[in-house]
Amino acid sequence: MKMTELKVKFTKGFVKRAAAVAMAVCLGTTLLPANFAVYASTGNGEAAVTSGSGDITSGGGDNTPGGTTSGNEKPGDNTPNTVAVTGVTVAPTAVTLDKIGATATLTATVAPANATNKNVTWATSNDKVATVANGTVTATGDGEATITVTTQDGNKTATATVTVKTTKDEQPVDKKVSKVAITLNGQTVKGTLKAKVGKTYSFKATVTPKDAKDKKVKWSTSNKKIATVDSKGKVKIKKAGKATITAKTSNGKTAKVTLNASKKAVKVTKLAIKGNKTMKVKKSQTLKVTVTPATADNQKVTWKTSNKKIATVNSKGKVSAKKKGTVKITATAKDGSKKKATVKIKVK
């Protein structure tokens with residue numbers, strides 16, 4: 001009778017078990033049905049034990065670890081099965097949004113359902129109309145955009161069309177500059193200001209409205225020999241004379257200030273104090289002083305209180321209320337002009 005063989009592949013860790021089976025067969029123990037052969041792979045060859053004769057034979061068989069093979073299988077073929085992606089669909093395939101910021105959710109379905117890698121990426125054809133993140137679409141402006149989903153495995157794609165139609169009132173408004181002003185040391189300046197040769201002044205341009213889309217300003221001077229100005233409004237006085245500094249917006253709005261430069265010091269002509277005129281005990285506030293002209297060489301002041309028991313004031317204009325009463329806080333210019341400003345504060 002022809003012997004039927006069953007080939008069982010063992011890893012190196014199972015060699016001892018294979019040997020035990022072989023011994024049992026040789027001793028006549030009924031562990032396996034008749035006419036079977038057991039093959040144990042050690043990595044260097046095969047040991048075959050047959051129940052028919054009890055002989056142990058060896059040979060140069062496959063040394064690939066793991067698995068059970070039949071006569072028609074390739075030894076060592078134990079790679080886990082990977083299910084490839086065959087396609088992807090998206091739902092819904094068309095979306096209409098009626099206002100900026102409105103959202104919709106797209107769902108991607110990868111086929112087959114048991115695909116190993118179901119990861120996808122999303123993209124928009126026009127982010128000015130709609131953006132997409134993890135399938136969530138957000139309207140950004142009127143128009144039409146195509147949303148594409150792509151599988152990581154196989155680069156399979158599907159698309160959805162997004163249409164954004166908003167009312168006129170909901171359209172983003174590109175606010176234009178209606179006015180521009182030049183400021184220096186926190187105050188708006190215009191007309192003619194005294195300036196000193198050798199001094200540098202940092203002018204700023206303030207546009208209205210504050211949320212205008214294009215706030216760009218171009219600076220220029222009427223006489224570079226008298227005064228120069230850079231792209232940020234920094235003016236340097238070169239020599240005595242007059243020069244007009246201009247700030248111009250992209251839509252043509254302008255602001256100007258004329259500088260009358262000389263070698264003489266520019267003295268303070270006026271001080272003004274801003275702050276609350278009533279305070280509560282144990283509370284504090286910082287007063288602000290405006291120096292005129294804004295081009296004065298020395299912008300610093302000294303502070304003084306008329307009654308320290310009611311309120312004190314430090315060198316930065318911070319007033320601290322101590323007890324109920326009325327007190328006068330005075331600021332005096334430090335440039336020798338003797339200009340002063342006083343505010344009366346009532347402590348409650």
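1. How do the residues of the lining of the largest pocket divide into nonpolar, polar and charged? There are 2 nonpolar, 5 polar and 2 charged residues. Here Ala, Val, Leu, Ile, Met, Phe, Trp, Tyr, Cys and Pro count as nonpolar, Asp, Glu, Lys and Arg as charged, and the others, Gly among them, as polar.

2. This is a predicted model, in which local features need pLDDT of at least 70 and side-chain atom pairs count only at pLDDT 80 or more, while totals for chains, interfaces and linings use all residues. Residues are numbered from 1 along each chain as its sequence is written, and side-chain values use heavy atoms, with hydrogens and water left out.

3. The volume of the largest pocket is about 220 Å³. A pocket is an open set of points on a 1 Å grid over the protein atoms alone, where a 1.4 Å probe fits, with protein on both sides within 12 Å along at least five of seven lines; lining residues have an atom within 4 Å of a point. Points are joined across faces, edges and corners, and the volume is the space filled by probe spheres set on them.

4. Among the residues lining the largest pocket are Asn-185, Gln-187, Lys-274 and Gln-299. Strand E26 (residues 288-292) gives the most to this lining, with 4 residues; strands (E, at least two residues) are DSSP runs, numbered from the N terminus. The largest pocket lies between domain 2 (179-262) and domain 3 (270-347), because both give residues to its lining. The domain bounds come from an automatic or database domain assignment.

5. The second largest pocket has a volume of about 170 Å³. Its lining includes Lys-194, Ala-195, Asn-260, Ser-262 and Pro-293. Strand E15 (191-196) and strand E22 (254-262) are the elements that give two or more residues to this lining. By class, the lining of the second largest pocket has 4 nonpolar, 3 polar and 3 charged residues.

6. Pro-293 is in the loop between E26 and strand E27 (301-305). Another cis bond runs from Ala-91 to Pro-92, with omega near -10°; Pro-92 is in the loop between strand E4 (87-91) and strand E5 (94-97).

7. Most residues other than glycine have a negative phi, and most peptide bonds are trans. Asn-155, not a glycine, has a positive phi of about 55°, and Lys-338 has a phi near 65°. Asn-155 is in the loop between strand E11 (143-151) and strand E12 (157-164), and Lys-338 in the loop between strand E30 (325-333) and strand E31 (340-347). Exposed means over 50% relative accessible area, buried under 20%, and partly exposed in between (1.4 Å probe, protein chains only). Asn-155 is exposed at 60%, and Lys-338 is exposed at 70%.

8. Ala-227 sits in strand E19 (residues 227-229) and is buried, with a relative accessible area of 0%. Not counting residues up to four places away in sequence, Ala-227 touches residues including Thr-221, Val-235, Ile-237 and Ala-243 (contact means heavy atoms within 4.5 Å).

9. The structure holds 1 aromatic pair. Tyr-201 and Phe-203 form this tilted pair, 6.4 Å centre to centre with 45° between the planes. Rings of Phe, Tyr and Trp (its six-membered ring) pair if their centres lie within 6.5 Å; planes under 30 degrees apart count as stacked, over 60 as edge-to-face and the rest as tilted. Both Tyr-201 and Phe-203 are buried.
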